[in-house]
Amino acid sequence: MEEENKQTDSPEKTRYVKMRRFPFIMGIFLLVFLTAGITTIALTFGTDKVESSLSTQMSTGEHPEFAKLYSTYDTLKNNFYKDVNEKELVNGAIDGMIKALDDPYSTYMNQEEAKSFQESISSSFEGIGAEIQQANSFIMVVSPIKGSPAEKAGIKPNDLILSVNGDSLEGVSSTEAVMKIRGKKGTKVELEISREGSEKPIEITITRDTIPVETVYAEMLDNHIAKIQVTSFSTDTANDLKQAIEEMDKQGMKGMILDLRGNPGGLLDQAEEIASIFVPDGKPILQVENRAGEKQVANARNNGIFEKPVVVLIDGGSASASEIVAAAVSESAGIKLIGEKSFGKGTVQTATDFKDGSNFKYTTAKWLTPNGNWIHTKGIEPDVLVKLPDYASLTYISPDKALKVSESGVEVKTAEKMLEAAGYKPGKIDGFFDNETENAVSQFQKDHSIKATGVLTGESTIKLMQVLREKILANDTQLKKASEVLESQLNTSK
């Protein structure tokens, strides 16, 4: 999750807390939409300045450790068998230093990548809509954006993206992966996905679209309980949440479910402002600890807190800034957390834009919960553990494939489970497409005005996955439990 912006002299510096997973229900920010970091090394200001700066430092003995770097640069520039791009050498040197940190939240972005990152935290961008991060040498999905092509295609948290359009992503940085996955609206991208529980990689074709960065969704449920979902923390999220609360109040809201599932994080100042809606004035929201062990405490700032009963939904896609809010309201306001264990991102990054438009980010500190807990890689355990139905984690079936009688395999077994969850009888769930499976597909096609061929492909496959998504939304066990807990609190307070 990104943290508040702080400007300094050149290079311009911005601090962030950064992060990086929901089944069909929620919703690949194609950028690591949180993270951060930047230094003031002169290497980023162009070849001339680099040579001058390093030469001066070496001659004065200020940075003798740069002698090896400068010697390599000079040798390649003068003796490589063909002309070299000096800017690329410099960029490569910076990128190499950042990669040597072995930190998935520290990264270098060239001008094009930095521009793409800025677009991702603006009003909209074009891509598939998912948050990703590096996981060892692979690219992992943190969470698809609500309503995005990625979510509709069945991309899930913790999926590993092995390749894009046939190009392997092994060893590729998250920013490089973003550049490969994003593209113009209407174009298609082919992803090869590795998913836990799947025997072999899954091939998914997604049509890119415009991804609006709308982060707050409010609706009134039964018994005047408002559900307000926050999907990420961008520039206007806190104000949008306050407006949503006002609108729900006008509709007679008696209690609120704050839904942070699948929320990969965002701007820290927004997380602090949102936490302050629920945490009493002056009570801690988080602590930030530097490498010297020194801690700074951020306290709630408000003139009065939200006084109606509240519960908060979290899951494995709740990360970074959303974890800050969840921990703050739990430990400093006694608000119950419901759902599944959160992602576990507990570090802070700093980001700086250089004059040439590039930047790099690096981790500068840990963030701790109000009680001093470091949740990094551990996550936050909910007060009430509730999982979604098993069919919510079913894998994607490619509409380009034709599943028919005598076919067998993992995708056939998945189709059988989907048909069963949708209320049809495909026979034994064994991964073999038999006559019973064919009859189930034919009946499904008839019920949805599709030509009854008994072959599951194209429109039939898409419709089946859509029906399943709708069933998951209608049978959201976590939301139902949150409503029950909230209603109990409302009855107790009468």
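Mentor: Start at Gln 287. Leaving aside residues up to four places away in sequence, Gln 287 touches Lys 295, Gln 296, Val 297, Lys 366, Trp 367, Leu 368, Thr 369, Pro 370, Asn 371 and Gly 372. Contact here means heavy atoms within 4.5 Å. The model is predicted: local features need pLDDT of at least 70, side-chain atom pairs count only at pLDDT 80 or more, and totals for chains, interfaces and linings use all residues. Numbering runs from 1 along each chain as its sequence is written, and side-chain values use heavy atoms, with hydrogens and water left out.

Gln 287 belongs to strand S14 (residues 284–289). Strands (E, at least two residues) and helices (H or I, at least four) are DSSP runs, numbered from the N terminus. Gln 287 counts as buried because its relative accessibility is 10%. The cut-offs are under 20% relative accessible area for buried, over 50% for exposed and partly exposed in between, with a 1.4 Å probe and protein chains only.

One reaches the backbone oxygen of Pro 370 at 3.1 Å. Another reaches the backbone oxygen of Thr 369 at 3.4 Å. A polar contact is a pair of N or O atoms within 3.5 Å; within protein, one must be able to donate a hydrogen and the other to accept it, and residues adjacent in sequence count only if both atoms are side-chain atoms.

Now step to Lys 366, one of the residues that Gln 287 touches. Lys 366 lies over the face of Trp 374, 4.3 Å from the ring centre. The criterion is NZ of Lys or CZ of Arg within 6 Å of the ring centre and within 35 degrees of the ring normal. Lys 345 also sits over a ring face, that of Tyr 105, at 4.6 Å from the ring centre.

Next, rings against rings. The structure holds six aromatic pairs. Rings of Phe, Tyr and Trp (its six-membered ring) pair if their centres lie within 6.5 Å; planes under 30 degrees apart are stacked, over 60 edge-to-face and the rest tilted. Phe 360 and Tyr 362 are tilted, because their planes meet at 40°, with ring centres 6.3 Å apart. Phe 360 is buried at 4% relative accessible area, and Tyr 362 is partly exposed at 22%. Together with Phe 354, they form one aromatic cluster.

Another pair is edge-to-face: Tyr 424 and Phe 444, 5.6 Å centre to centre and 80° between planes. This pair links distant parts of the chain, 20 residues apart. Tyr 424 is in the loop between helix H10 (410–421) and helix H11 (435–447), and Phe 444 is in H11. Tyr 424 is buried at 14% relative accessible area. Phe 444 is buried at 1%.

Finally, the sheet. Six strands form an open sheet in the order S11-S12-S13-S16-S17-S20, with mixed pairing. Strands pair if DSSP finds at least two bridges between them. S11 and strand S12 (residues 225–230) run antiparallel, joined by five bridges. There, Ala 218 has Ile 228 as its bridge partner.
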